[in-house]
Amino acid sequence: MTTRPTTRIALLLSLAAAAALASRVQAQADATPASRPLRATDEAVIRALAAARPTTPVELVKAARIILDLGQPALAKPFVQKLAGAKLDDEACAALVDEVGSAVLLRLARDPALAPVAGQFCNATLDGAQRHARDPARLAALVKQLAGAAPYEEATIIAALRPGADASALALITALADNGRAAEHPAIVRALIELGKVASGPLVALLGSRDAQLVAHAAQILGELDDPSIAGHLLGPALAADSPAEVSAAARAALDNYFGRVPTNDQALAILLRKGQRSLDFVKHPERNLPSDVDPAPLVWQWDDAKKKLTGARVTPALAEVIMAVGSLADARRVAPANADVRRLYLAALAEAIAYAGDSPAVAARVDQAKDLLAQANLLELQDLLSYSLAEDRPAAATVAARLLGESENVDLLYAHSPQGSALARALLHPSRDLRFAALEAIMRLNPRSPYPGAGVVAETLEYFARSTGFPKALVAAADATEAGRLAGLLAEQGYEPDIAVDATSMLRMARASTDYEVIFVDSALALPSSAQLLQRLRSDSRLARIPLAVVSMADEFPQVERVARRYPLCMAVMRVHNAPAMQFELNRLLQRSGRVVVPGEVRREQGIKALEWIAALASERQQIYDTRRLDLAVIGSLDTPGMTEAAIATLGRLDTNRAQRALVDLASRPTAALAARQESARAFADSVARRGTLLTSEEIARQYDRYNASEHYDADTQTVLADILDVIEARAKADWLALEQNDSPTP
């Protein structure tokens with residue numbers, strides 16, 4: 001009689017256990033024993049395993065595990081290779097993991113002697129088992145089986161649902177939201193309660209539904225989950241005056257389960273405000289929230305009433321916290337609808353949600369809802385929101401508020417009766433680049449026609465943005481030029497254009513002159529003397545305060561440098577690095593701690609182009625509020641920046657200064673420049689001369705003639721451009737001469 005393979009393998013497993021346990025028990029389950037000479041008993045076990053000819057995945061995994069226990073990983077390889085050849089579907093993967101356990105598979109995957117085959121098989125099997133556990137069709141079928149199931153059958157179905165975790169909760173909630181399946185709802189409620197905390201996130205999302213029965217079900221289940229951290233989400237439904245009776249009753253019962261009583265309105269308001277404030281504070285200082293402290297991609301849930309659909313999205317930790325703040329403060333508003341402070345904080349949370357979500361399609365519905373709610377705020381509330389956000393140093397919320405004020409088209413808000421000027425004018429001085437640009441854009445949209453408090457800062461802000469190139473730059477400061485050069489070289493390998501300063505004065509001057517520094521590395525020999533005055537000056541200057549700063553030190557002084565660096569925002573102590581991987585590691589650490597403060601290069605370039613267009617528009621209007629003529633140097637600096645040349649030429653053509661005209665003819669006369677740019681420069685020069693006359697000096701005009709005379713070997717297009725410039729100069733000179741003659745002629 002032939003013995004079935006499963007029987008043989010079971011016998012061999014017992015034999016292996018008996019033969020090996022006495023002398024070869026592993027110290028740790030995940031340690032790989034080193035290969036060693038075979039003992040007689042080990043050899044007998046291995047021969048018996050080979051004779052048994054295991055074929056099923058379970059048999060092969062167990063055989064490989066036994067051989068690993070014997071310290072012979074190389075001899076397990078044939079079994080692993082057979083496993084790799086097996087084509088397991090998701091259901092088979094799930095069955096294998098259920099039978100042998102994931103720990104055994106991971107142990108095979110970690111053994112170097114079995115790499116890479118074991119690792120590939122392990123990953124594929126675990127992925128397949130996970131897909132099977134979360135398969136929507138399978139889960140939906142299981143949920144249907146709950147209807148009319150006996151108690152022991154219901155327990156079996158729930159056990160089958162449990163590996164699906166939140167996917168199972170989603171399947172159950174989909175059925176719970178279907179009013180046509182009301183007969184199944186009691187069993188579904190019991191199943192969700194049995195799933196436990198994995199269902200809490202989706203259920204909390206249901207609390208925002210307009211379906212009172214669904215919200216009541218969610219509150220009831222949440223009250224049974226034994227998760228006090230979610231109790232705060234029940235305060236609004238329980239205590240709000242607009243809460244339906246069945247919702248309020250279910251939420252109150254749930255709170256009673258947690259606390260033995262229902263908090264008063266004042267107590268609930270204090271809890272909700274504290275929760276909302278704590279979440280907003282999480283994003284207020286991103287440098288204090290290290291990636292190791294939080295889930296790098298938390299899951300947030302959204303319920304769509306119209307589609308009766310629940311969806312989950314992975315978002316940034318900051319956005320997850322802001323979404324929590326919006327929820328807590330929305331409930332606080334429901335509990336205390338007349339409280340102005342709650343209203344202000346709620347508006348700030350909505351603005352933060354819009355800012356941190358950006359264009360993410362994953363939370364588009366939440367963003368649209370936040371925009372709709374914020375659009376209901378009146379002008380006074382938006383001004384108050386901007387002032388509050390500035391005072392509380394919440395630049396993300398302030399940025400959104402500034403944009404909305406610009407869209408209001410109400411220029412009167414700039415004429416504030418305050419020595420400090422309007423909130424928009426004050427926002428121009430904030431360290432946040434995004435906020436400064438939003439405030440500038442708002443003011444340009446409002447287009448005031450007469451001076452207003454704070455108008456003097458606009459020209460400075462235009463100059464700041466016009467200097468942008470978009471290139472990633474880094475500033476390195478060290479008293480030792482060799483050390484500065486070494487650090488600069490390492491930063492260049494990371495894609496930065498490094499500049500070097502060898503003293504504090506030149507470093508500050510260079511830092512203020514450029515708007516494109518993304519990081520600053522300063523040697524501790526410069527940073528620490530005189531009670532770290534250099535660090536203080538870097539952080540007190542609004543133009544430099546939000547540039548991530550690394551203080552580089554030797555190992556022996558690192559503790560002291562670290563203590564000093566902790567005093568300043570966006571500042572980090574860095575051990576002296578000696579190679580590219582170390583520099584990359586420290587850069588990543590610095591930028592991760594800095595959160596959203598580094599504006600991408602393409603955005604900086606777009607801001608620079610927009611600033612040039614605004615300068616050109618203001619210069620064309622001949623307005624009396626802003627002195628745009630003094631911005632010509634900043635515009636000239638953009639002439640050679642790729643992507644900005646065209647805008648810079650157009651702007652210089654409107655500024656009508658000597659420097660602007662000289663820069664235009666210099667570019668038009670440069671043979672190495674693109675022909676289109678040279679021709680456009682010549683046209684812009686002609687327009688400027690037509691308005692203001694030739695502002696070039698006699699020496700500059702003479703140099704232009706020399707350029708033309710030296711162009712005999714240039715191409716015809718270049719000669720034409722140079723000739724056109726002289727034609728413009730000569731035509732204007734002739735016109736001026738004729739006008740002068742007419743003015744000097746005696747009156748008939």
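**Figure 1. Glutamate 562 and arginine 566 meet in a salt bridge.** A salt bridge here is a side-chain nitrogen of Lys or Arg within 4 Å of a carboxyl oxygen of Asp or Glu. Glutamate 562 is partly exposed, with a relative accessible area of 30%. Arginine 566 counts as exposed, at 60%. These words have cut-offs: buried means under 20% relative accessible area, exposed means over 50%, and partly exposed is in between (1.4 Å probe, protein chains only). This is a predicted model, in which local features need pLDDT of at least 70 and side-chain atom pairs count only at pLDDT 80 or more, while totals for chains, interfaces and linings use all residues. Residues are numbered from 1 along each chain as its sequence is written, and side-chain values use heavy atoms, with hydrogens and water left out.

**Figure 2. A salt bridge links aspartate 666 to arginine 707.** Their closest N and O atoms are 2.9 Å apart. The pair links distant parts of the chain, 41 residues apart. Aspartate 666 sits in helix α34 (residues 658-668), and arginine 707 in helix α36 (residues 698-709). Helices (H or I, at least four residues) and strands (E, at least two) are DSSP runs, numbered from the N terminus. Aspartate 666 is partly exposed, at 26% relative accessibility. Arginine 707 is partly exposed too, at 23%.

**Figure 3. Glutamate 184 pairs with arginine 181.** Their side chains meet in a salt bridge of 2.8 Å, N to O. Glutamate 184 counts as buried, because its relative accessibility is 16%. The structure holds 36 salt bridges. Elsewhere, Glu483, Arg486, Asp523 and Arg576 are linked in a network of them.

**Figure 4. Strand β6 (residues 549-553) is mostly covered.** Five of its five residues are buried. One side carries Leu549, Val551 and Ser553. The other carries Ala550 and Val552. Strand β5 (residues 517-523) runs parallel to β6, joined by four bridges. Two strands pair if DSSP finds at least two bridges between them. Isoleucine 520 has leucine 549 of β6 as its bridge partner. β6 also pairs with β7, again in the parallel sense, over five bridges. Here alanine 550 stands opposite methionine 572 in β7.

**Figure 5. Leucine 570 has a positive phi.** The angle is near 55 degrees, in a residue other than glycine. Leucine 570 lies in the loop between α29 (558-565) and β7 (571-575). Leucine 570 is buried, with a relative accessible area of 7%.

**Figure 6. Lysine 308 also has a positive phi.** The value is near 50 degrees, and the residue is not glycine. Lysine 308 belongs to the loop between β1 (299-304) and β2 (309-314). Lysine 308 is partly exposed, at 34% relative accessible area.

**Figure 7. Helix α18 (residues 340-357) has the length its residue count predicts.** The expected span of a helix is 1.5 Å times one less than its number of residues. The 18 residues of α18 should therefore span 26 Å, and the end C-alpha atoms are 26 Å apart, which agrees. Of these 18 residues, 15 are buried. At the start of α18, a side-chain oxygen of asparagine 339 reaches to within 3.0 Å of the backbone nitrogen of aspartate 341. Just after α18, glycine 358 takes a positive phi of about 60 degrees.

**Figure 8. Helix α10 (residues 166-176) is largely enclosed by the rest of the structure.** Nine of its eleven residues are buried. Among them are Asp166, Ser168, Leu172, Ile173 and Leu176.

**Figure 9. The peptide bond from alanine 115 to proline 116 is cis.** Omega is near -5 degrees. Proline 116 is in the loop between α6 (102-110) and α7 (117-133).

**Figure 10. Trp737, Leu738 and Leu740 form a nonpolar patch on the surface.** Together they have about 320 Å² of accessible area. Such areas come from the Shrake-Rupley method with a 1.4 Å probe; for residues, only the protein chains shown count as cover. Patches are made of residues with over 30% relative accessible area and no salt bridge; like charges are joined within 9 Å, and nonpolar side chains (Val, Leu, Ile, Met, Phe, Trp, Tyr) within 5 Å. Leucine 740 is in helix α37 (residues 716-744). Leucine 740 counts as partly exposed, at 43% relative accessibility.

Definitions and conventions
Polar contact = N/O pair within 3.5 Å; in protein donor to acceptor, adjacent residues only side chain to side chain.
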